[in-house]
Amino acid sequence: MLNTYAEIVGWVSTQKSNVKEKYKYNEPAINEFMKENNTDTWLIAFAKTYNYIIVTNESLNPYIKKKIPIPNVCKHFNIQYVNIFEMLRKLNFKI
């Protein structure tokens, strides 16, 4: 899993935005994502390593600069993700 973590952090470190490009982030967003105690980074690495699906309330947003959403990283690394409602539907949850 550490290799996967390093792969994700390596990719994020190259995503500095200078212009309005898709999937490019400002420096504070990159620094925050790369902090060792950022659970998003570890969660994504875990899901990629063990082929799990991430459940998140975040949405894919290719133009956001100030934060790195989990779905943006998942899309790049082909990691499946769903929101809570999709998860409940897939589990055939009924009230």
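Is E58 buried, partly exposed or exposed? With a relative accessibility of 25%, E58 counts as partly exposed. In this scale, buried means under 20% relative accessible area, exposed means over 50%, and partly exposed lies in between (1.4 Å probe, protein chains only). The model is predicted, so local features need pLDDT of at least 70 and side-chain atom pairs count only at pLDDT 80 or more, while totals for chains, interfaces and linings use all residues. Residues are numbered from 1 along each chain as its sequence is written, and side-chain values use heavy atoms, with hydrogens and water left out.

Side chains of opposite charge can pair when their charged atoms come close. A salt bridge is defined here as a side-chain nitrogen of Lys or Arg within 4 Å of a carboxyl oxygen of Asp or Glu. By this definition, the whole structure holds 5 salt bridges. One of them joins E58 to K67, with the closest N and O atoms 2.8 Å apart. K67 also forms a salt bridge with D40, where the closest N and O atoms are 3.9 Å apart. D40 belongs to helix α3 (residues 39-50), whereas K67 sits in the loop between β1 (54-55) and α4 (70-77), so this pair ties together parts that are 27 residues apart in sequence. D40 counts as buried, at 18% relative accessibility, and K67 counts as partly exposed, at 36%. Together, D40, E58 and K67 are linked in a network of salt bridges.

Another salt bridge is found between E27 and K16, whose side chains meet at 3.1 Å, N to O. E27 is in helix α2 (residues 27-33) and K16 in the loop between α1 (2-13) and α2, so that the pair, 11 residues apart, links distant parts of the chain. Both ends are partly exposed: E27 has a relative accessible area of 41%, and K16 has one of 42%.

The next topic is the nonpolar interior. A nonpolar core is a set of buried Ala, Val, Leu, Ile, Met, Phe, Trp, Tyr and Cys residues joined through side-chain atoms within 4.5 Å. The largest such core has 20 residues, of which I8, I44, I68 and V73 touch the most other members. The elements α1, α2, α3 and α4 each give two or more residues to this core, and the largest share, 5 residues, comes from α1. Contact means heavy atoms within 4.5 Å. Leaving aside neighbours within four places in sequence, I8 is in contact with F33, T41, I44, A45, V73 and F77.

Helix α1 also holds T4, which is buried with a relative accessible area of 13%. Not counting residues up to four places away in sequence, T4 touches A45, K48 and T49.

Helix α4 is largely enclosed by the rest of the structure, because 6 of its 8 residues are buried. These buried residues are I70, P71, N72, V73, C74 and F77, and they pack against α1, α2, α3, β1 and β2. Just after α4, N78 takes a positive phi of about 55 degrees.

Beyond this point, Q80 lies in the loop between α4 and β2 (81-82). Q80 is exposed, with a relative accessible area of 51%. Not counting residues up to four places away in sequence, Q80 touches Y52, I53 and I54. Q80 and I44 are 36 residues apart in sequence and 9.9 Å apart in space, C-alpha to C-alpha.

Key:
Helix = DSSP H or I, 4+ residues; strand = E, 2+ residues; numbered from the N terminus.
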